[in-house]
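Biologist: Walk me through this fold, please. Keep it brisk.

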Amino acid sequence: MSLTLYAHPFSSYSQKVLIALWENGIPFTYRNLEDAGAAAERAALWPLGRFPVLVDDGRTVVESSIIIEHLDLHHAGPIRWLPDGGDAALEVRLMDRFFDNYIMTPMQAPVFESLRPDAARLDEVKEKTRRDLDAAYAWLEERLSGRRWAAGESFTMADCAAAPSLFYADWVHRIGPAFPRLRDYRSRLLARPSIARAVDEGRPYRSYFPLGAPDRD
């Protein structure tokens, strides 16, 4: 087995895959995109500019959810990232997509706007992000009722997506006291060793956050 991951420690989608690798103790070569030559190697493998990118014995695998499913199929460990078919697998996939599309995507909107040469719409974008995240937080508050993890009692791919999504979303728009289940869930995630490691390895790059990283995790 020869796995190489091209990723960045501060990237939410990189963290999502790193959590899955670390949870199951899968050996891999980590090509941090800060390292000399790593970005060029990644670009040659996947010219569309996104990361993480996994190379498995010469096979290139892209998109964080697909990478985790690939690991589940070909490098299975004690934690299964998806149940074997049926409604339980659909629930994991739903929650995985929810965190990527309805937490991470609106959270990134003001970040990207702030990087524009003329960020004239930043206040407007921030307000829309607050509305979108409040709606997503409210939905999650109900969905998490009776659950320890995102899709039930087992830690799954959905939680790999949830951890970086909720970590950074809380920086942009605080998860307030109106969402106690969601706040408790985020705390459980951050207490997990693989996720705490992802946070710690991203810590040296917090100056990259254009809105200003808060003095909290």
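The questions below cover strands, core and aromatic rings in a predicted model.

Biologist: Which way does β1 run relative to β2, parallel or antiparallel?
Modeller: β2 covers residues 29-32. Four bridges join β1 to this strand. One of the partners is Thr 29, which pairs with Thr 4. The two strands run parallel.

Biologist: What is the handedness of the crossover between β1 and β2?
Modeller: The chain leaves β1 and passes through α1. From there the chain reaches β2, a β-α-β crossover. Its hand is right-handed.

Biologist: What is the bridge partner of Thr 4 in β3?
Modeller: β3 spans residues 53-56 and is joined to β1 by four bridges. This pair runs antiparallel. In β3, Thr 4 is bridged to Val 55.

Biologist: How many residues of β1 are buried?
Modeller: Leu 3, Leu 5 and Ala 7 are buried on one side of the strand. Thr 4 and Tyr 6 are buried on the other, so both faces are covered and β1 is largely enclosed by the rest of the structure. The count is five of the five.

Biologist: Which element gives the largest share of the largest nonpolar core?
Modeller: That core holds 56 residues. Elements giving two or more residues include β1, α1, α4 and α7. The largest share is 11 residues, and it comes from α6.

Biologist: Which residues does Leu 166 touch, leaving out those up to four places away in sequence?
Modeller: Leu 166 is among the core residues that touch the most other members. Phe 99, Ile 103, Leu 182, Tyr 185 and Leu 189 share that listing. The contacts of Leu 166 are Phe 99, Ile 103, Leu 140, Ile 175, Leu 182, Tyr 185, Arg 186 and Leu 189.

Biologist: How many residues are in the second core?
Modeller: This core is separate. Its members include Tyr 6, Leu 33, Ala 38 and Val 53. The size is six residues.

Biologist: What is the angle between the planes of Phe 167 and Tyr 168?
Modeller: The model has 16 aromatic pairs. Phe 167 and Tyr 168 form one of them, at 5.1 Å centre to centre. An angle over 60 degrees counts as edge-to-face, and this pair is edge-to-face at 75°.

Biologist: Why do Tyr 168 and Trp 171 both count as buried?
Modeller: Both lie in helix α6, three residues apart, about one turn of the helix. Buried means under 20% relative accessible area. Both count as buried because Tyr 168 has 3% and Trp 171 has 9%.

Biologist: Which charged residue sits over the rings of Trp 149 and Phe 155?
Modeller: The charged end lies 5.3 Å from the ring centre of Trp 149. For Phe 155 the distance is 3.8 Å. The residue is Arg 192.

Conventions:
Residues are numbered from 1 along each chain as its sequence is written. This is a predicted model: local features need pLDDT of at least 70, side-chain atom pairs count only at pLDDT 80 or more; totals for chains, interfaces and linings use all residues. Side-chain values use heavy atoms; hydrogens and water are left out. Rings of Phe, Tyr and Trp (its six-membered ring) pair if their centres lie within 6.5 Å; planes under 30 degrees apart count as stacked, over 60 as edge-to-face and the rest as tilted. Buried means under 20% relative accessible area, exposed over 50%, partly exposed in between (1.4 Å probe, protein chains only). A charge sits over a ring if NZ of Lys or CZ of Arg is within 6 Å of the ring centre and within 35 degrees of the ring normal. A nonpolar core is a set of buried Ala, Val, Leu, Ile, Met, Phe, Trp, Tyr and Cys residues joined through side-chain atoms within 4.5 Å. Contact means heavy atoms within 4.5 Å. Two strands pair if DSSP finds at least two bridges between them. A crossover is right-handed if, with the strands pointing away from the viewer, the path from the first strand over the helix to the second runs clockwise.
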